[in-house]
Each structure stands twice: as C-alpha cells, then as structure tokens.
Amino acid sequence: MSPAKEGFGMLMTKQQFQDSIRARKPMNVWFLGEKIEDVTTYPPLAASFNAISKIYELQHRPDWQDLITVPSHMLDERVSIYNAPLRSAEDANRKTRAARALAEVIGCCTHRCTGSEAFAGLGPACYDMDHDLGTNYFERFMNFLKYVQQNDLTCTVTVTDVKGLRTAPPHAQADRDSYVHVDEVREDGIVISGFKCNQTGILFAHEIVIVPTTNMKPEDKDFAVACAVPADTPGLTFVLGRTPQDKRFFEVEGDIEGIDLGKQYADHQALVYFDHVFVPNERVFLCGETQYVGRLLSYFTAVHRLTAGGCKAGGCSALCGAASLLADMVGVQKAGHIRTKLTEMAMTAETVYGLSIASGVEGFQHPSGFWIPNPLMSHTCKYTCTKIPFDAVRYARDILAGFGETAPSELDMRNPEVGELCQRAFNPGNPKYNAFDRLRASRFIEHMVRGSNWTAMALHGGGNQEASTVMARMYTDWEYLKGLVKVATGIETDAQKAEEFIDTIGKRQGRICTTLDLPKVES
Ligand SMILES: Cc1cc2nc3c(=O)[nH]c(=O)nc-3n(C[C@H](O)[C@H](O)[C@H](O)COP(=O)(O)OP(=O)(O)OC[C@H]3O[C@@H](n4cnc5c(N)ncnc54)[C@H](O)[C@@H]3O)c2cc1C
C-alpha cells in the first residue's frame, strides 16, 4: 500500500483513496451466488464506495479540517481523527461532533470509525499487558498505528464472531471456526482461522483489526487473539450481506443518483472467513492473555458506544429533516401533533448527542495517554440508541403516510404511458414542490427506516440493548446508591461514618460510576 501522497501531507484525497482501493490484490468476494470481480464498480456497493470516498474528500475542505483531522502526537503532520487516539476530553468531543456531522452528510456509517475504536481499546490494553506481564505489545501497536497514520489508511474493527450456541464458550463450540482462533504459533507469527460476521465497511478497508468479541476464561486461550491483517490478504473469503434494496442498484446500473435508492450514500456489511491466515508477530497485539480480553473490550466499548450517540444523532437529524420537508409539502406542518412529533424527533437527536458528549467530558486519562470516556455514560448512550431512534422512525413513517410508503417507482413516474398519471397522483399539491421532490424525500425516509441497515445499526451495531445493560450494571456503584439512602434515612447509625460518606459525595461530583480507576483484571 503506497498511495502517492506528495503535496497532500499524510492525508489521501478522494482520488488517491479510490486508487489505493483499486490497487489492492484481488479479493475473494461473493454476493447473490456470484463472485464480484471488482468491488469498486459493483452496483450494490456503489453507494458505500461513495460514502467512504466522501469522507476522504471532506478532510481536504478547510471547513471540515478542524473537525475530522488533528495534529498527530507521533508525526509532525495532520492525520485523520479516525487514525488518532483520543488523548483528551476535547478529542472525545470532537469524535462525537464529527460522527454527527458526517452522519448528517451521508446518513450511514462513516466506514472509518470502528478502526479508531479498535485502536482506542488496543492502546491501553497493550500498555496494561506490558506493564503487568513484561510483553512488548504497546510498542508493536504504536508502530502499527504510525504506519496507519503515515498512509492514511481505513481500518475496520472485526469483533463479532458468529458464536454458534450462545450458551457455550468458544472452546466448547461444535465448530471451532465459530470464533476466530489461533491455529498455530510460529516463531515469526501466528496462523488464524474462523468466521466474523456483520462487518461494516470491510470491503473498502485497507486493514482489518481483529479483536475478541467476548470475555474469556483460560480454557479459551486459543480464541484470545487481537491482530491486524491487510484486507487483501490471501485466505480471506467475504460474502456481502443483503439489504432490502440491494437489487435496486442493478436497476439504476450504478447510478447512485437514482431516486429510488433514496440517497447517494450507504454502507455495507459482510461475513468474512479467515482460512489459515498468517499474521506476522509485529501485527499481533494479544495472543492467549485471556485475562486481558475483558479489559480490552471495556476500553473499546467505552469509545465505540460514545460514537453511537454521535452518529445516531446525525441520522435522527436527517430523518427529522425529511419528515419536516414532507409535512411542508402536503401542508400539515402547522398541525399540533405534527409539530410535537417533529420536535420530539429533534430532541431524540439531542438526547443521544448529549449522552455522547457527556461521556467524553467525564472520561479519564489512562496511563498510556489514551482518553477513556466515562463507561457508564457511554453504555447508557448506546442503550438509549437502541430505543429512542425507533420512536423517531415511527414518527417519520407516520408523516411519510401511506402513499409515501407505497409510492410508485421512479421508472413508472418517468414512463411514457403511465408517468404523467403517476406524477399527477403523487403531486403534493404545493406549488413549491413536484411529484419528484416528494418521491425524493419519501425514498430518503424509506432508505433510512427499511431500505438500509440504519435501524439495524441503531439496534445491534456496537452491541445490543442487553450488552449495554450488562456493562452499565457493572459500572454502576450499587453500594454507593444504597449508602445514599442509608445515610438519608438513619439506617446508618454511626454518625461519623454518615458524615464521612457525605464528604465522599462531594468528591464524586455527581457521578455514580464505580470507577475512575481501571477495570479490574480477573486473576
Ligand atoms: C448493521 C450492523 C452493523 C454491524 N457492524 C459491525 C462491525 O462493523 N463490526 C463488528 O464486529 N460487528 C458489527 N455488528 C455486529 C454487532 O456488534 C452485533 O450484532 C452485536 O454485538 C450483537 O451480537 P449478535 O448480533 O451476535 O447477537 P447475540 O449476541 O447473539 O444476541 C442475540 C440475542 O440473544 C441474547 N443473548 C445472546 N447471548 C446470550 C446469553 N448467553 N444469554 C442470554 N441471552 C443472550 C442477546 O441479548 C440478544 O437479545 C454489526 C451489526 C449490525 C446489525
């Protein structure tokens, strides 16, 4: 991977990014029973390629530069925020604002975010292992990160294993490939195999960063592995996941302006199989240290679930905008219940945005220099993202109305025989807009709520409701909560203890999170 970057510092332009993707080795990618020869020209992937290309384009615009690029703390250059560790509350807040702003432009995953969250988990976890075990993972990891920054690469995090029977741990699965695992440890590296699923943006990534999906016991040693492999490494098979509207891309033959697609940007998810893939030692960041997997996941999810609030806020803003536009078109914008619904949609965006910002502000600095968001707040943020955007979706569909949900296709609207009929029927009656405007806004909502994986992302991406709840339960200081009431009601009979407790409340500054220190390592 050596994109020509002369004249652009470390940051690739859109063209350089696209060239770098075209320059990858041939990959084994499948969809609808056929092998995809070129992912960059394949119609169902066009909107996804466009989305990530847009991010590379925006990083060169002066008005975006301070939002999505930062000075590297390792190199004397600006780098993408997605390749720079969070080192302060300000960095964390920038990530939230960038996630929201980019979601307002593209209305889908940025494709670059998850890699940065893998880095957010790996940096401190590698540091902890070196500190406790005398390994040299942190230096390896930082060298890899430097390489990523120097080449302005896109990395995706590959967390979710297919998992098989949920009640059985990795080592007890009938199919060992249900979790990615180490087949062989060699002097110069390791060999890994197994499945990962739901991988967003992976087909346009330069690097795949693999981390375990769940906490592990010593018997799961072979499954405790974190490492990075180039996406075009031999031995990888990808199968693109379906979306309800994927066949529409063939109708418009890759014309991503096609009205029936709803918008020009989308993301994709794929299943990936690693078949005895060799990973050299310098790219291995955890191998067998099962007791550090939980800690790695704690650091990772604290940042990943902060981002969810930023990008869901952006999506909700866009959805609210589309519903508002449609209300204007058909003349119901002043109806009391419509205004209430639209306002609630706007407040939904602010709620998840606010939680995301707050978890960055109330974070803490890890000794490695990485900034860890307040975990209780960031899990609360993701939990909220699994719920309230669905009210926004319901309101948008309410305002979209039945004819919006069942609108004719663009092809029928333009057909010489029935086009005029369809256009008359779909005309909103407002002289400022025509039937095609209404179709565009309607398809936008359709794309967000049932054409793409946007709602699936809100529900599952970054962990489902229960995953966030489990972590939030872990980080809630239950003894502290009970102590408040013991002191307030006199159940605590020792007056001195009660006064001391009141002083601890002042020190906590309103937090109920158990920890400003590090998650405990299981012995
Ligand atoms: C659109 C989309 C994009 C995504 N992008 C990515 C990505 O880029 N990278 C990535 O790595 N992953 C990605 N994911 C995966 C996502 O992180 C997972 O879907 C999520 O973590 C939940 O895992 P799961 O889907 O396997 O569900 P499961 O963990 O199997 O959960 C299914 C249900 O069973 C329950 N359950 C599971 N196990 C138990 C148990 N032992 N006891 C009781 N209840 C249980 C859960 O609470 C849940 O209700 C994406 C997912 C989606 C839908």
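In the predicted model, V209 stands opposite A228 of strand β9. The two residues belong to a pairing in which β8 (residues 207-210) and β9 run in the antiparallel sense, joined over 4 bridges. Strand β9 also pairs with β12 (residues 284-287), again in the antiparallel sense, over 3 bridges.

Confidence in the prediction was examined next. The average pLDDT of the chain is 94, and 96% of the residues score at least 70. Residues 1-8 have a pLDDT below 50, and this stretch makes 14 contacts in the model beyond near neighbours in sequence. The pLDDT is likewise below 50 over residues 516-523, where 9 contacts of that kind are present. Where pLDDT is low, the predicted coordinates should not be read in detail. For the model, the ipTM is 0.97 and the pTM is 0.95.

The largest nonpolar core contains 143 residues, of which V225, L286, L296, L319, A323, A396 and I445 touch the most other members. Helix α8 supplies the largest share of this core, 20 residues. At least three residues of the core come from each of domain 1 (14-295) and domain 2 (299-472). For A323, the contacts outside four places in sequence are L342, M345, Y395, A396, I399 and I445. Another core, of 6 residues, lies apart from the largest one and includes I259, M413, F426 and L439.

An unreviewed UniProt entry places the domain feature "HpaB/PvcC/4-BUDH C-terminal" at residues 294-486. In the model this span is 76% helix and 2% strand, and its end C-alpha atoms lie 33 Å apart. Helix α10 (residues 375-385) is mostly covered, with 11 of its 11 residues buried. Among these buried residues are P375, H379, K382, Y383 and C385. The elements covering the buried residues of α10 include α8 (293-330), α9 (336-361), α11 (388-405), α15 (454-459) and α16 (465-475). An α-helix has 3.6 residues a turn, so residues three or four places apart point the same way.

Two single positions were considered further. T200, listed under "binding site" in the unreviewed UniProt entry, is found in strand β7 (residues 189-200). T200 counts as buried because 25 C-beta neighbours lie inside 10 Å. Leaving aside neighbours within four places in sequence, the contacts of T200 are C109, H111, T114, T156, D267 and Q269. Along the chain, L421 and T40 are 381 residues apart, and their C-alpha atoms are separated by 38 Å.

Key
Residues are numbered from 1 along each chain as its sequence is written. This is a predicted model: local features need pLDDT of at least 70, side-chain atom pairs count only at pLDDT 80 or more; totals for chains, interfaces and linings use all residues. UniProt positions are given in the numbering used here, feature names are shortened, and annotations may be inferred rather than shown by experiment. A residue is buried if 20 or more other C-beta atoms lie within 10 Å of its own, exposed if 12 or fewer, and partly exposed in between; C-beta atoms are placed from the backbone. Two residues are in contact if their C-beta atoms, placed from the backbone, lie within 7 Å. Two strands pair if DSSP finds at least two bridges between them. pLDDT is the predictor's confidence in each residue, from 0 to 100. A nonpolar core is a set of buried Ala, Val, Leu, Ile, Met, Phe, Trp, Tyr and Cys residues joined through C-beta atoms within 7 Å. Domain bounds come from an automatic or database domain assignment.
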